[in-house]
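Morning, everyone. I have one structure to walk through today. Please have a look at it while I talk.

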Amino acid sequence: QLPLVESGGGLVQPGGSLRLSCASSAITLNKYTIGWFRQAPGKEREGVSCISRNGGTSKYADSVKGRFTISRDNAKNTVYLQMDNLKPDDTAVYYCAVASMTGRSYTSLTGSEYGNWGQGTQVTVSS
């Protein structure tokens, strides 16, 4: 069983919304910075958003700023990615992962600085 499990993907029309969840039964997520990444067919993996261990700092890729919001629910040991005003270019497999660095306010969108990847969830934006 993978340490992280993503869910919430699906097919949505342009302009629609989805909320992705990243949960774990093996890792206490509020001890780590958690990142969301995506990979579209034929493209390199892209950092989408991350949230610091203390939840006070988040970072977004320019392509999703103002449309995506990352958040934590420590009671549920889950990190969410709310995606609004979705565009066809957002179509990809979305993954969450745990940062290797453990600074309280650490944030990074560099995939090589993360591990314990989930299996991913497919997001398709199409009319």
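One definition before we start: a salt bridge here is a side-chain nitrogen of Lys or Arg within 4 Å of a carboxyl oxygen of Asp or Glu. Keep in mind that this is a predicted model.

Start with R38. Its side chain meets that of D90 in a salt bridge, 2.9 Å from N to O.

R38 has another partner, E46. That salt bridge is 2.8 Å, N to O. Are these two side chains buried or exposed? R38 counts as buried because its relative accessibility is 6%, and the cut-off is under 20%. E46 is partly exposed, with a relative accessible area of 28%.

Now K65 and D62. Their side chains form a salt bridge at 3.1 Å, N to O. Both residues are exposed. Salt bridges with shared partners also give one network, made up of R38, E46, R67 and D90.

Four strands form an open sheet in the order 1-3-8-7, and the pairing is antiparallel. Which strands stand at the edges? Strand 1 (5–7) and strand 7 (68–73). Each has a single partner strand, so one side of each lacks a neighbour in the sheet. From one strand to the next, the twist averages 15°.

Look at strands 7 and 8. They pair in the antiparallel sense over six bridges.

The loop between strand 7 and strand 8 holds N77. N77 is not a glycine, yet its phi is positive, about 50°. At 18% relative accessibility, N77 counts as buried.

Last one: N116. It lies in the loop between strand 10 (114–115) and strand 11 (121–125). N116 is partly exposed, at 42% relative accessibility.

That's my tour. Over to you.

Note on methods:
Residues are numbered from 1 along each chain as its sequence is written. This is a predicted model: local features need pLDDT of at least 70, side-chain atom pairs count only at pLDDT 80 or more; totals for chains, interfaces and linings use all residues. Side-chain values use heavy atoms; hydrogens and water are left out. Buried means under 20% relative accessible area, exposed over 50%, partly exposed in between (1.4 Å probe, protein chains only). Two strands pair if DSSP finds at least two bridges between them. Helices (H or I, at least four residues) and strands (E, at least two) are DSSP runs, numbered from the N terminus. Axes are lines fitted to C-alpha atoms, for helices over the stretch in contact, and angles run from 0 to 180 degrees between N-to-C directions.
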